[in-house]
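Have a look through this one before we talk. My notes follow, as numbered points.

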Amino acid sequence: MIRLGLRLTLANGRAALLRFVLIAVAVALGTALLLATVAGVRAVDTQLGRGAWMRGQQAAGVAAADPVVWSNREDYFNGASIWRIDIGFQGDHPPAVPGMARLPGPGEYYVTQALHDLIAAHPADQLGARFPGREAGIVEDRAVPSPDSLVAVVGRTPAEVRAIPRAHEVTAISNEPLQLPAAAMDLVLSVIAGGLLFPLLVFIGTATRLAATRREQRFAAMRLVGATPRQVTALAAVESGVAAVVGTVAGFALFPALRAGLAAVPLSTERFFPADITPGPVLAVLIALGVPLGAIAAAALAMRRVRISPLGVVRQVTPKPPRAWRLIPMAVGLLELAYFIGRRPETSSGQTAAFLPGFLLVMIGLVIAGPWLTMTAARLLARRARRLPTLVAARRLADNPQAAFRAVSGVMLALFVVSVATGVIGTMNDERGVHYGRLAAVTLVQFTGREGLPADLTLPPVEGVTFAVTLPRNPDDGPSNLIACADLARIPQYGACPAGAQYAQIWGNLVGFDQVRTGVGAATVWPASPLTAAQVAQLPPDTLVVGLDGDPATTERARTAMVLAFPDYEVPPMTDVERGSNARTQMALFQRLANVIMLFSLPIAGCSLAVSVASGLADRRRPFSLLRLTGVPLRMLRRVVALESAVPLLAVAVLAGATGFGAAQLFLRAQMGYTLTAPGWSYYALTALGLAVSLGIIASTLPLLSRMTGPETARNE
């Protein structure tokens, strides 16, 4: 059977060879994208492990060395975050740190290559002066998360480092990667699986079913002349398996090209090293074996009708229509999400266990319900049909909705995931996003709870700095700080004092923490402080606010001056935009994940659609040829094919979008108590673009009709 199967696959004429090549190419693309998806997820984990030592955690079970005083802090340059590590070692045998031949002593520092280049490209008073002394070397790539990482390891005396808040001693540096919570990792993997793996698996499955109808007819004829079900199944498995094996090998060969492109995409906050983008030996073996085995299993399942009723296949018996019970899994998934409104589990693992099955059940339910919905849409179309192409297309869709839906199932899953991601992320951005805006060119440094500071914090003269204001700590209830009304008048974008007040109560970051969701503007009136000028003068300082002229160079000169004037800062000097960077970074990560899903899943779904349409044309070229011989115009056949593909595509697009936003609303209400925010224009633009591309793919296959349905086809088939 294997030898016969190989002969039927490779030496059964031009059509069989073309089918083999198309299946192999499609499987190669699917395998390469699957490898890239798995490698991208692993690269995130590897990236976390590379920078584990930077936390300065004590290693367990390691021989202790002379203690090192260690401090981790953040700094900024032009909006980019710099991770600064200050160390002061005591003794001649400090602990080893990855990526450096030795720890820097006082007056020395190590930097990453990216930070070295940044220092070299800018004047010292903007960046380099923050790291006093000389550069002792470059931190090796193996010890930093990304080629874009900005990290500085600054040597100082132990006493200087101890003055920094949260400094601690370590005798052995832990290099264990930070363990993400299982719930967070499950959530990431589920989003990746739903957004990328499902369309990929649909694509690979669609590719292995190329010309499935013609193969069914051929194998059914073999059954009628005496072939056993086992022999037919073996022939089908060989035919699909050989093409899948060739495609899998080609996919592995194509993966390095995708890896180079993936290295430039910052799936996390920074780019990956190309060497980190690898699926790993275990997953690579699973993919290498799983794709061909999956193709063989799909081929065996496709032969079910042949094994049970070969005569029905030959006579083209209409399959049984799908029933309404197919809606049950999707409804159960939505009900599961709705159940947890007001019943949200307290733990993150419990929340994942609550919501993840619901989303997966909805996705599976969409796939199960798709044929029934396609049949329903086709019957409605048939009732309203006024022209022959519309009626023919509607009847064909109603007769075999499973095949029609299979062509657009990848698009539906992609649109569902994009709708869920857009709904959840857009609402979280609206509810949690920091709307500081660029209200004023201001930077500040905070010293919350610091003792021993002078009453009036001063800053050396810096070109471009318009003013420097000290905000003392507020001893009363209310906002954390006080500001002189004369000083607040210099930055009216942040509000005003009540009439007649000398001092106002204001938050140290000038906008507060409750107001950051709506922003603070000139109309804001801060509460007055009852304290007198003499009483305020006795209060400890808490924050230094510096006004800038808007020039980025001025911002960095002022920041450098503040770092040098207050070297033991805990909260770094930040502009009004940078103060919300943590919240924006989290939202940006979510948005980037959604963008990756959008950019990858829709083209994958489009490829599935192209393969399905081409396969359908190949399966029906004889009926279409006979119709042309009877006088049916070619343009009418093209309308039939276009309607057969466009109707289920548009129907499932509406269903996927509505279901996605419905699931997002249930999740937001249950998890966060939010109400879904209407998506922005970008969602509609992307959806329209995706549908336009899909319709364009359908249109690009229509010229094949003229070549596939000529008179010679009717004679030779």
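**Notes on the model**

1. Strands here are DSSP runs of E with at least two residues, helices are runs of H or I with at least four, and both are numbered from the N terminus. Two strands pair if DSSP finds at least two bridges between them.

2. Keep in mind that this is a predicted model, where local features need pLDDT of at least 70 and side-chain atom pairs count only at pLDDT 80 or more, while totals for chains, interfaces and linings use all residues. Residues are numbered from 1 along each chain as its sequence is written, and side-chain values use heavy atoms, with hydrogens and water left out.

3. Now the whole sheet: it is open, has six strands in the order β4-β3-β5-β2-β1-β6, and its pairing is mixed. β4 (134-138) and β6 (168-170) each have a single partner strand because they stand at the edges, so one side of each has no neighbour in the sheet.

4. Helix α3 (residues 113-120) packs on this sheet and touches β1, β2, β3 (108-111), β4 and β5 (151-155). Contact means heavy atoms within 4.5 Å. Ala114, Leu115 and Ile119 are the buried ones to find in α3; buried means under 20% relative accessible area, with a 1.4 Å probe and protein chains only. The buried residues of α3 pack against β2, β3 and β5.

5. Next, the largest nonpolar core, with 45 residues. A nonpolar core is a set of buried Ala, Val, Leu, Ile, Met, Phe, Trp, Tyr and Cys residues joined through side-chain atoms within 4.5 Å. Phe355, Phe416 and Leu705 are among the members that touch the most others. α20 (634-671) is one of the elements that give two or more residues, and α20 gives the most, with 14 residues. If you click on Phe416, its contacts beyond four places in sequence include Val362, Leu366 and Ala663.

6. How far does the confidence go? pLDDT is the predictor's confidence in each residue, from 0 to 100. The protein's mean is 78, and 77% of its residues reach 70 or more. Confidence is highest in α3, at 95, and lowest in helix α10 (residues 310-314), at a mean of 49. Over residues 180-186, pLDDT stays under 50, and the model has seven contacts there beyond four places in sequence.

Technical notes:
Axes fitted to C-alpha atoms, helices over the stretch in contact; angles between N-to-C directions. Buried < 20%, exposed > 50% of the residue type's maximum accessible area, 1.4 Å probe, protein only.
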